[in-house]
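Subject: Handover of a structural model

Dear colleague,

Please find below the structure that I am passing to you.

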Amino acid sequence: MNFLAHLYLSGDDADLKIGNFIGDHIKGKTIHLLPAQIKNGVLLHRKIDAFTDQHPVVMQTKLRLRPEFHKYAPVIADIYYDHFLAVNWDRFSEISLHQYASEFYRLTDEYTHILPARTQNMLHYMITHNWLVSYATLEGIDKVLNGMSKRTSFNSGMEKAAIALQDNYQLYESEFHEFFAALEQFVLDERKLLIP
């Protein structure tokens, strides 16, 4: 899953949310230097990724994308799923996506001392271009994917991924809903096991 899903699945716990947000940028033993609940967020991030990677619905989505996008299929699938979470946001949250994003961006100010350098660098672009809100439109998804395409070492084809989404929109959306219901239940169960 991509940023929006990781944040949403953290619930209202700020430390857990920040840990989940920085999960991709915490490597090796540095996790043990983090406060307990932020460390739990990193661990939750990894569990979400593992669950997502091996779920049959997600595998089906990636399989459909692989002939055109090859090794970038999983990245594109993550962004598609964040798009559908953003589009259907009112079904998942009582506050608007704009408000949710603004509150999260403000929250990151309180955790600057915890955020790895790579996260801080990325966060600047995330806030400037309001990625979390931009996920809700095809135009926003297209910009995100085009930006990623320019940063890849190889020809990724990601600049065409928004068109591929539009061509099979209902199919991808139905796969998102089927998968996300299972993911929400998985995360709910996992969060009960976390020791604050």
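The notes below cover the pockets, the salt bridges and one histidine.

Please bear in mind throughout that this is a predicted model.

The largest pocket holds about 910 Å³ of space. Its lining is made up of 30 residues, and those closest to the centre are Phe3, Met122, Trp131, Met148 and Arg151. Two or more lining residues come from each of helix H1 (3-8), helix H3 (36-54), H5, helix H8 (117-128), helix H9 (131-134) and helix H10 (138-151). Of these elements, H10 gives the most to the lining, with seven residues. By class, the lining of the largest pocket comprises twelve nonpolar, eleven polar and seven charged residues.

The second largest pocket holds about 310 Å³ of space. It is lined by 15 residues, and Gly11, Asp12, Lys17, Ile95 and Tyr100 lie nearest its centre. Helix H2 (14-21), helix H6 (89-92) and helix H7 (97-110) are the elements that each give two or more residues to this lining. H7 gives the most, with four residues. The lining of the second largest pocket divides into eight nonpolar, two polar and five charged residues.

Salt bridges

How many salt bridges does a search of the whole structure find? The search finds three.

One of them joins the side chains of glutamate 190 and lysine 47, with an N to O distance of 2.9 Å. This pair links distant parts of the chain, since glutamate 190 belongs to helix H12 (residues 169-193) and lysine 47 to helix H3, 143 residues apart. Glutamate 190 has a relative accessible area of 15% and is therefore buried, the cut-off for that class being under 20%. Lysine 47, with a relative accessible area of 36%, is partly exposed.

Another salt bridge is formed by arginine 64 and glutamate 175, whose closest N and O atoms are 2.5 Å apart. This pair also links distant parts of the chain: arginine 64 lies in helix H4 (residues 56-69) and glutamate 175 in helix H12, 111 residues apart. Is glutamate 175 buried or exposed? Glutamate 175 counts as buried because its relative accessibility is 3%.

The remaining entry pairs glutamate 139 with lysine 143, and here the closest N and O atoms are 3.9 Å apart. Both residues lie in helix H10, four residues apart, which is about one turn of the helix. Glutamate 139 and lysine 143 are both exposed. Helix H10, which carries this pair, is also the element that gives the most to the lining of the largest pocket.

Histidine 83

Histidine 83 is placed in helix H5 (residues 73-87). Its relative accessible area is 1%, and histidine 83 is therefore buried. Leaving aside residues up to four places away in sequence, histidine 83 touches Tyr135, Ala136, Thr137, Leu138, Ile141, Leu165 and Tyr169. Helix H5, where histidine 83 is found, is also among the elements that give two or more residues to the lining of the largest pocket.

With kind regards

Definitions and conventions
Residues numbered from 1 in each chain as written. Predicted model: local features only at pLDDT ≥ 70, side-chain atom pairs only at ≥ 80, totals over all residues. Heavy atoms only, no water. Buried < 20%, exposed > 50% of the residue type's maximum accessible area, 1.4 Å probe, protein only. Contact = heavy atoms within 4.5 Å. 1 Å grid on protein atoms, 1.4 Å probe; cavity = no way out; pocket = protein on both sides within 12 Å on 5 of 7 lines; lining within 4 Å. Points joined across faces, edges and corners; volume = space filled by probe spheres on them. Nonpolar A, V, L, I, M, F, W, Y, C, P; charged D, E, K, R; others polar. Salt bridge = Lys/Arg side-chain N within 4 Å of Asp/Glu carboxyl O.
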